[in-house]
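Visitor: Could you walk me through a few local features of this model?
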Amino acid sequence: MNTDLFGHPVANGKPTNGLGRRDHLTFRGNVALGRHGWLRLTPAYSLRLVQELLKESGPDEFVLEPFSGTGTTPLACASLGIRCHAVDINPFLVWLGNLKLTRFDDGTARAVKSAAARIADNARETHAGAWKPELHQIEKWWDASTLHTLAALCDGIRNPSRERAPGVADLLAVAFCRVMIQSANVSFGHQSMSFKKGVKDAGLVEETPTRIAARLADAFVTAVADVAASLDINPSVADCRVFLGDSRDLPSLLSASGAKYTAVITSPPYPNRMSYIRELRPYMYWLGYLSDGRAAGELDWKAIGGTWGCATSMLNTWTPNGHGEIPFQHFDRIVRDIGKGHALLGRYVHKYFEDIRGHILGLKQLLVPGARCHYIVGNSKFYETMLPVEGIYAALFEDAGFMDVSVETIRKRTSKKELYEFIVHAHAPKAVLLKHRARDTETRN
Ligand SMILES: C[S@@+](CC[C@H](N)C(=O)[O-])C[C@H]1O[C@@H](n2cnc3c(N)ncnc32)[C@H](O)[C@@H]1O
């Protein structure tokens, strides 16, 4: 019997044991896993999956994670003492990832909790006027009283009444994010957020402002205690960090470090039009990483697979950049078929794979010969046209000279029959080694 990475039975490359959602292979399985569970953000993938992929790693392993997101890969590496460099285009996620990797002093947990108690006491009082972010239609996200208390909590974090140890404000900000998102009028579906019905619309009795302030202040203290408890286990001292940058041009970002990576473990954005910037907006506005809609759209345009806000109009005028054809049979036909439903979507898919192609070509330069690559990807469907994402990734790796390229199906993604998640496995070309050897010989002669 054939089995997958986790020992589950597979037939014809697809899991056979119920084809369930297998939530342990998604971010849902990460909650309550210490620092991995700090914030439940849509981009995260499964810690267990990463741990499986790291099982064989030896002391020389040096992992590259080009799409770090919430930092699952670097934190998993750090806890095993494995070196890892990670990259993300989103400064909020870079901050969060590096914070998770920080080693804190013994006294930090105590300092965070006492700072939180002071901030919460202050926020229980009703006083107006604290700073609120310029989030579009903010009143749809929070009612006036909730917003008022959130602003008071945020103000307490930004403007401390006494000096704080390093990291304390950051940890308070993580706890604030939890309260802020839990109190928001939104629900997060499997792919994107939507606004909930208001209390009045749902026919419920409204809470008094004092009660709301007390509830949120208590929730903040609880969230801080939870975050503080996860500081007990410090990550190892291995070189693990997250860089802010664009994975479409890894050499200019990472060459200077001189590192050569032995493995790549990652989950790039999927071509499904989900925008991480849109989903992460509330966090980014409150923490000061975004201050207007234009900047949000521009960041989404830099993100692979982003099409939100002004990124949509930029896509309308985008033309292929000349990296060459996408080397997958029928790619042009697939793009044309998708484009028949909506011209923008055809262009979206085309650009997505041009970006991924650029990424893979740059990546190659940073790997040791034979380095293993594991890309967790999901396929998509646009109207009636299936987009075989896993096959196109495999073709791009092969075209770039990678070896032993294979595709493993790991789980069904939604109730839709055809949507799965896969791992595309590949090994970096050995030819790079030969070229290096030739150059070394030339220099010696
Ligand atoms: C699927 S998520 C990664 C999830 C991650 N494995 C985790 O567990 O949190 C994809 C990530 O790619 C990032 N991203 C998108 N375009 C990028 C680019 N051009 N360069 C670097 N990161 C990018 C997004 O910001 C997002 O965090």
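Guide: What follows covers a helix, a strand residue and a helix pair.

Guide: This is a predicted model, where local features need pLDDT of at least 70 and side-chain atom pairs count only at pLDDT 80 or more, while totals for chains, interfaces and linings use all residues. Residues are numbered from 1 along each chain as its sequence is written, and side-chain values use heavy atoms, with hydrogens and water left out.

Visitor: Is helix 6 buried or exposed?
Guide: Helix 6 is largely enclosed by the rest of the structure, because 11 of its 15 residues are buried, meaning under 20% relative accessible area with a 1.4 Å probe and protein chains only. Among the buried residues are Leu-147, Leu-150, Leu-153 and Ile-157. Helices here are DSSP runs of H or I with at least four residues, and strands are E runs of at least two, numbered from the N terminus.

Visitor: And what covers those buried residues of helix 6?
Guide: The cover includes helix 4, helix 5, helix 7, helix 8 and helix 10.

Visitor: Switching topic, where is Thr-266, and what is it in contact with?
Guide: Thr-266 lies in strand 9 (residues 261-266) and is buried, with a relative accessible area of 0%. Leaving aside neighbours within four places in sequence, its contacts (heavy atoms within 4.5 Å) include Tyr-45, Glu-65, Phe-67 and His-374.

Visitor: At what angle do helix 10 and helix 11 pack?
Guide: The angle is about 135 degrees, with the axes 10 Å apart, where axes are lines fitted to C-alpha atoms over the stretch in contact and angles run from 0 to 180 degrees between N-to-C directions.

Technical notes. Buried means under 20% relative accessible area, exposed over 50%, partly exposed in between (1.4 Å probe, protein chains only).
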